[in-house]
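This report describes the fold shown below and the packing of its elements. Please keep the sequence and the structure in view while reading.

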Amino acid sequence: MPRPSHLPPARIPASPRRRDRHGRGLRGPLLPPNLPAWRTRAERFDAMVIAAADDLARRHPEITQMQFAVEEVPPSDPAPWEKGVVLGRGFAAEPRAGLPARIVLYRRPITSRAADDAELAELVRRVVVEQVALMLGRRPEEIDPDL
């Protein structure tokens, strides 16, 4: 059947290209996976929380029973005793529901207070120590004497 004259000419499908249109080859990854920038800021923050919790768990085995989580921002309704922006919260274990004790760190408020990665790692550690101390009913200096 002939093609109507008001339609553009039919395109013949080209063979799959082995190179891009400028002849430079296909694009590769911007950063190889072995470089540090491969991970996102959120992944690096999560790694800092895990490192701080693992380090404390070596000294205090009861920390291994706690769960650690990271959320972007705290909920909009702070508790009456919380003043200012909350950096982390601890939630007691609920044995009836089968939930262990949980500690939640809030990534954006913590990262906004740090100037560089070293300061961020120190602040993350400090918040983890404070929350663990609250959960265990002890002072932060007892949990981590280096603070």
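What covers the buried residues of α3? In this predicted model, the cover includes α1, β1, β2, β3, α2 (107-112) and α4 (140-143). The buried residues themselves are L120, L123, V124, R125, V127, V128, V129, Q131, V132 and A133.

**Overall composition**

The protein contains four helices and three strands, and from the N terminus on these elements run α-β-β-β-α-α-α. Of the 147 residues in the protein, 26% are buried. Among contacts with a separation of 6 or more, 54% join residues 24 or more positions apart. The protein exposes about 11100 Å², of which carbon and sulfur atoms supply 55%.

**The sheet and its helices**

The three strands form an open sheet with mixed pairing, in the order β1-β3-β2. Its edge strands are β1 (67-71) and β2 (88-91), each of which pairs on one side only. From one strand to the next, the twist averages 20°. Four bridges link β2 to β3 (residues 102-106) in the antiparallel sense; here F91 stands opposite R102 in β3.

| Helix | Residues | Strands touched | Angle between directions |
|---|---|---|---|
| α1 | 41-59 | β1 and β3 | about 155° with β1 |
| α3 | 117-136 | β1, β2 and β3 | about 150° with β3 |

**Helix α3**

The length of α3 can be checked against its residue count. An α-helix has 3.6 residues a turn, so residues three or four places apart point the same way. The buried set of α3 includes L120, V124, V127 and Q131. After α3 comes G137, which has a positive phi near 70°.

**Residue R107**

Is R107 buried or exposed? R107 lies in helix α2. Its relative accessibility is 13%, and a residue counts as buried under 20%; R107 is therefore classed as buried. Apart from its neighbours within four places in sequence, R107 is in contact with A42, F45, V70, E71 and E72.

Note on methods
Residues numbered from 1 in each chain as written. Predicted model: local features only at pLDDT ≥ 70, side-chain atom pairs only at ≥ 80, totals over all residues. Heavy atoms only, no water. Pairing = 2+ DSSP bridges. Helix = DSSP H or I, 4+ residues; strand = E, 2+ residues; numbered from the N terminus. Axes fitted to C-alpha atoms, helices over the stretch in contact; angles between N-to-C directions. Contact = heavy atoms within 4.5 Å. Buried < 20%, exposed > 50% of the residue type's maximum accessible area, 1.4 Å probe, protein only. Areas by Shrake-Rupley, 256 points an atom, 1.4 Å probe, with all protein chains shown as cover.
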